[in-house]
Amino acid sequence: MGLLETRCSQDTAPLAVDPLTLGEIVENGLCIGCGLCRSIAGPGGVEMVMTPEGRERPVVLRALDKPTLEKINAVCPGTRIAGPPADGAALTDTVWGPVERLVLGSAADTTVRFVGSGGGTLTALGQFLLNSGRVKFVLHVAASRSMPMRTERKLSFDAASVLEGAGSRYGPAATLVDFNAILDRGEPFALIAKPCDITAVRNLARIDPRVDEHMRYALAFVCGGASDLTKSEQVLQRFGLSEDELALFRYRGHGNPGLNRIESRDGRAFEISYRQLWEDEDKWMIQPRCKICPDAIGQVADIAVSDAWLNGGPAVEDEPLNGIIVRTKRGLELFDAAVEAGVLRIKRESGIAEISELQSHQVRKRRAVWARLTGMGIAGKPVPFVTDLALRDCALQNSLAENLAEGRGARDRARRGRLGEPPAVPRVTILGDR
Ligand SMILES: Cc1cc2nc3c(=O)[nH]c(=O)nc-3n(C[C@H](O)[C@H](O)[C@H](O)COP(=O)(O)OP(=O)(O)OC[C@H]3O[C@@H](n4cnc5c(N)ncnc54)[C@H](O)[C@@H]3O)c2cc1C
Ligand code: SF4
Ligand code: SF4
């Protein structure tokens, strides 16, 4: 790949000399549909399509030359995942990475707190960045206006627009589909996104100086995985609705976690609880890349924000609250300024033990990923080149038997093709499909 840093600690081996094609990235289950390759190859080179499985995936429109493929392999979060630079954070935990400060808190504004996914912290920070003149716009996502079950990238230039994007969008979201054009604007901005989106942009920063010049802040949420659109379609089926009837599809928010609310164009409304939405793990339909995610906890963000259900889970409506993991000095300065300005409120300090309890599934995943990637490699599948994420050290927190079970499970699933995906093709015409 020609871009290997010499001082990094390698969690997995570099990919082979020849770059993977986009088809190989997708079919080996490494793509999360961020859209950055489309932005690099340009609209005439790569297009994002919604596949029959309900995933946004790149499709090559004209053959990509080797330098373009090499660049894509260097930035794609399916092929290259680098952890944070070691720059002396106040605390570095094997599982949780760098931490400058860890608190439980929320937006101070009652509307933001209510509308936001958990406690509205990310929305409040996005609004503060704009209101304080630190950035010109925020790049994030929101429900599509024409097809509200789908998610589109959104540029917000004012606080009201940031609020419109509040809430978690569990389906596919190609946040970076036109990232190159965003850099071309030459204006300071902030990114609020999934950890893998931020991984992709940090990868790009190594070869495109405009990223560090213009992207002033990168804020992430702690992420359990992005589901297929077919997961959302199952909810519609429950109510006998079709996608073209929809006026609103909100996954959560308007409370913590709030209800999954659907409104039809003819004025009907349907609701299910967060627990009903996620009750059957077999039907979560989490994308393959998420199952091997080395950094779903936003180690490369300036601030990463999680849920914080102090009652043991989202069984009932909880108080609006987030875990706020401040990761960098830049993030700390922003956090302190937002608290000082009365935009964020702190409930209390937290710590590694508490966040590990609140996010036990993230701890399990961090400890499992090294063995899973090793198992995939033994099955002869390409695995992402991962550095500086302490995957081996996390695995050492498991017993040998646990690692063997994870590794063998992944090896066998990979051999059976269960970790891969079909080739990306667009869905055949469904009313309103892009
Ligand atoms: C797919 C997914 C999985 C998650 N898994 C976990 C988990 O395992 N543990 C946990 O603690 N929290 C998880 N969350 C995060 C949690 O739901 C909250 O989003 C988080 O706590 C921040 O809350 P908030 O109130 O500050 O967010 P808000 O103030 O509502 O802001 C959320 C911001 O995230 C952006 N956003 C929403 N969805 C996406 C998306 N799919 N891609 C890119 N940007 C998006 C929005 O545009 C908005 O700016 C997940 C969220 C998503 C979308
Ligand atoms: S993860 Fe992003 S950059 Fe990589 S192939 Fe998928 S859409 Fe392209
Ligand atoms: S689990 Fe990882 S790969 Fe999947 S959406 Fe979240 S950050 Fe991205």
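**Exercise 1.** How much space lies in the second largest cavity?

*Solution.* The model is predicted: local features need pLDDT of at least 70, side-chain atom pairs count only at pLDDT 80 or more, and totals for chains, interfaces and linings use all residues. Residues are numbered from 1 along each chain as its sequence is written, and side-chain values use heavy atoms, without hydrogens and water.

Step 1. A cavity is a set of points, on a 1 Å grid over the protein atoms alone, where a 1.4 Å probe fits but cannot get out. Its volume is the space filled by probe spheres set on the points, which are joined across faces, edges and corners.

Step 2. The second largest cavity holds about 100 Å³ of space.

**Exercise 2.** Describe the lining of the second largest cavity.

*Solution.* Step 1. Lining residues have an atom within 4 Å of a point. There are 14 of them here, with Cys196, Cys223, Gly225, Cys290 and Cys293 nearest the centre.

Step 2. Helices H8 (195–205) and H12 (288–291) each contribute at least two lining residues; helices are DSSP runs (H or I, at least four residues) numbered from the N terminus.

Step 3. By class, eight are nonpolar, two polar and four charged. Ala, Val, Leu, Ile, Met, Phe, Trp, Tyr, Cys and Pro count as nonpolar, Asp, Glu, Lys and Arg as charged, and the others, Gly among them, as polar.

**Exercise 3.** Characterise the largest cavity.

*Solution.* Step 1. Its space is about 120 Å³.

Step 2. Of its 15 lining residues, Cys31, Cys34, Cys37, Cys76 and Pro77 lie nearest the centre.

Step 3. H1 (22–27) and H2 (36–41) each supply at least two lining residues; H1 gives the largest share, three residues.

Step 4. The lining comprises 13 nonpolar and two polar residues, and no charged ones.

Terms used: Chains lettered and ligands numbered in written order. 1 Å grid on protein atoms, 1.4 Å probe; cavity = no way out; pocket = protein on both sides within 12 Å on 5 of 7 lines; lining within 4 Å.
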